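Welcome to this structure! Here are a few notes to read beside the sequence and the model.

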Amino acid sequence: MAILEILEYPDPRLKTKAKEILPEEFSDALQKQIDDMFETMYAAPGIGLAATQVDYHKRLFIIDLSEDKSEPLVFINPKIVEKRDLVTNEEGCLSFPGIYTKVERAKGIKIQALDRHGKPFEIDTDEFLAIAIQHEHDHIEGIVFVDYLSPLKQRRIRSMLEKQQKKKLRA
């Protein structure tokens, strides 16, 4: 397994809309990609990671909300088929280090997807998992969580992250 580079905003590749994973793509290479994504997410540390964030532009994301890394979820070619109610929560993102902001999302969702072996499944949740799924699903649509903010807040965040990236380059 390998730790992958996580793209950081304002990298334009984060705005790429991901392509479907075709049946013939369920291979050892896809399994390695999934394993590498989990290793990357756990090392970051994070609770979710979309393929787009590691410059792999396929409709794939992973989530594990457990404390002990024991509940890994893989979503391939996901489709949110229902959204219920609204809730505002503070969100962060591995592509936006140190940035947290309030985002309004559906409180409950129903999602259909394929697991890592291509088996279909459905989850209906109104827990924190619903928010995490929507956040990661946005990534594969080429949407980042600051897209929900005002242009002024977006510029402030962009400026802060550009300064952080310059400091890293000098270090």
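1. First, a term: helices (H or I, at least four residues) and strands (E, at least two) are DSSP runs, numbered from the N terminus. This is a predicted model, in which local features need pLDDT of at least 70, side-chain atom pairs count only at pLDDT 80 or more, and totals for chains, interfaces and linings use all residues. Residues are numbered from 1 along each chain as its sequence is written, and side-chain values use heavy atoms, with hydrogens and water left out.

2. Have a look at helix α3 (residues 151-170), which contains Arg 170. Arg 170 has a relative accessible area of 66%, so it is exposed (buried means under 20%, exposed over 50%, partly exposed in between, with a 1.4 Å probe and protein chains only). Leu 169 is also in helix α3 and, at 74% relative accessibility, counts as exposed.

3. Next, the strands β4 (residues 96-114) and β5 (residues 120-125): they run antiparallel and are joined by 6 bridges (two strands pair if DSSP finds at least two bridges between them). Leu 114 has Pro 120 in β5 as its bridge partner. The two strands form a hairpin with 5 residues between them, and Gly 118 in the turn has a positive phi of about 90°.

4. Which backbone spots deserve a second look? Most residues other than glycine have a negative phi, and most peptide bonds are trans. Yet the bond from Tyr 9 to Pro 10 is cis, with omega near 15°, and Ala 44 and Pro 45 are joined by a cis bond with omega about -10°. Asp 85, in strand β3 (residues 73-93), has a positive phi of about 55°.
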